[in-house]
Amino acid sequence: MSGANVQAGAVLAVTHLKVHFPTKRGTVKAVDGVDFALQPGETLGLVGESGCGKSTVARSIVGLVRPTSGRIELNGQEIQGLSADVMRPLRAQMQMVFQDPYASLNPRMTVASIIAEPFLIHHGRRDTDPEVCELMRQVGLDASMRRRYPHEFSGGQRQRVGLARALALNPAVMLLDEPVSALDVSVQAQVMNLLDELKRERGLTYLFIAHNLAVVRHMSDRVAVMYLGRIVELADRDTIYRAPAHPYTRALLSAVPVPDPVIERRRERIRLVGELPSPTAEIRGCPFRTRCPEAFERCAQEAPALQEHQPGQFSACHLNEQA
Ligand code: SF4
């Protein structure tokens, strides 16, 4: 599946990434062989239900979780296993923004100290008031509020503070883990517009993680759909929304409401019945077969590989395999 992972010129490339957690009941394969590459200026949407491993992918890229195996490269340089000193400047190039802006901001620090913290950690600098004010301006916050504490800000404003902090060191890649999921719908649109603007102005590359295909559609150039620790479909945005190839992608898309009420009334929803396998179960055959409305005999015997069945569209389903 090398085509899904065109590494030449990639800012970030992930190859055969596995993150397994040993537990008393067995091994949980949170991420089980994920490949993708992000080209400069691209946004890749990473979508799937809660627990599918998408956040663990991002956490392992920024070093919050240790990968079990696989390779992570930033601008062609392998980054796992490097010493802390070598890693520090590289890590500054990849910043993560979390879902819950309140939990990710220290409530005892002023917003100015929170935004200035990366300058202190990475460069030992304390005289950063002008930079803090400029970062606040860039994310649409009034710099006169910089001596206040996170609880004095709304959810949307707190997410803007988190973005200002992430931007402080001028990263190349932002890993956005459900950045708008905790916000009201009206505020979601504002933060997504801001993310769009920042990307254009600063030439950023995004990995945009969400459980909701509607949110990812607005932001992404390509979309990867994850199920039980694996990518089951990857394609450019228009292809995946117009002609989804994997039964799981079709089910996820059928749950997205359509703004036109006539189409919405006629819309066919695919209800996924059947159990998710236990997280520690050894999976035989296709991981989706227990819920797949199109499963057939071979699906219980053989796991489908992620294959390019049309130029640029990859899926892991026996139904799409070329004869
Ligand atoms: Fe469904 Fe079989 Fe395709 Fe898996 S391989 S998605 S079970 S049809």
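1. Start with strands E6 and E7. They pair in the parallel sense over 4 bridges. Two strands count as paired if DSSP finds at least two bridges between them. Helices (H or I, at least four residues) and strands (E, at least two) are DSSP runs, numbered from the N terminus. Met96 stands opposite Leu175 in E7. Met94 and Met96 point one way from E6. Gln95 and Val97 point the other way, and all are buried. Buried means under 20% relative accessible area, exposed means over 50%, and partly exposed lies in between (1.4 Å probe, protein chains only).

2. A word on the model. It is predicted, so local features need pLDDT of at least 70 and side-chain atom pairs count only at pLDDT 80 or more, while totals for chains, interfaces and linings use all residues. Residues are numbered from 1 along each chain as its sequence is written, and side-chain values use heavy atoms, with hydrogens and water left out.

3. Now the whole sheet. It is open and has 8 strands, in the order E6-E7-E8-E3-E9-E10-E12-E11, with mixed pairing. The edge strands are E6 (94-97) and E11 (307-310), and each pairs on one side only. From one strand to the next, the twist averages 20 degrees. Strand E3 (residues 43-47) runs parallel to strand E8 (residues 205-210), and 5 bridges join them. The bridge partner of Val47 in E8 is Ala210.

4. Helix H1 (residues 54-61) lies across E3, E6, E7, E8 and E9. It runs at about 145 degrees to E8. Axes are lines fitted to C-alpha atoms, for helices over the stretch in contact, and angles run from 0 to 180 degrees between N-to-C directions.

5. Helices H3 (residues 111-123) and H4 (residues 129-138) pack at about 110 degrees, with axes 10 Å apart. H3 and H4 are therefore roughly perpendicular to each other; that label covers 65 to 115 degrees, with under 35 roughly parallel, over 145 roughly antiparallel and the rest oblique. In the contact, residues including Ile115 and Phe119 in H3 meet residues including Leu135 and Met136 in H4.

6. How many salt bridges are there? The count comes to 17. The rule asks for a side-chain nitrogen of Lys or Arg within 4 Å of a carboxyl oxygen of Asp or Glu. Asp32 forms one with Arg230, with the closest N and O atoms 3.3 Å apart. This pair links distant parts of the chain: Asp32 is in strand E2, Arg230 in strand E10, 198 residues apart. Asp32 is buried at 15% relative accessibility, whereas Arg230 is partly exposed at 23%.

7. Arg291 and Glu49 also meet in a salt bridge (3.1 Å, N to O). They are 242 residues apart: Arg291 is in the loop between H10 and E11, Glu49 in the loop between E3 and H1. Arg291 is buried at 11% relative accessibility. Glu49 is partly exposed at 28%. Elsewhere, Arg71, Glu73 and Glu78 are linked in a network of salt bridges.

8. Last, Pro257. This residue is in the loop between helix H9 (247-254) and helix H10 (261-266). Pro257 counts as exposed, because its relative accessibility is 56%. Leaving aside neighbours within four places in sequence, Pro257 is in contact with Glu264 and Arg267.

Key. Contact = heavy atoms within 4.5 Å.
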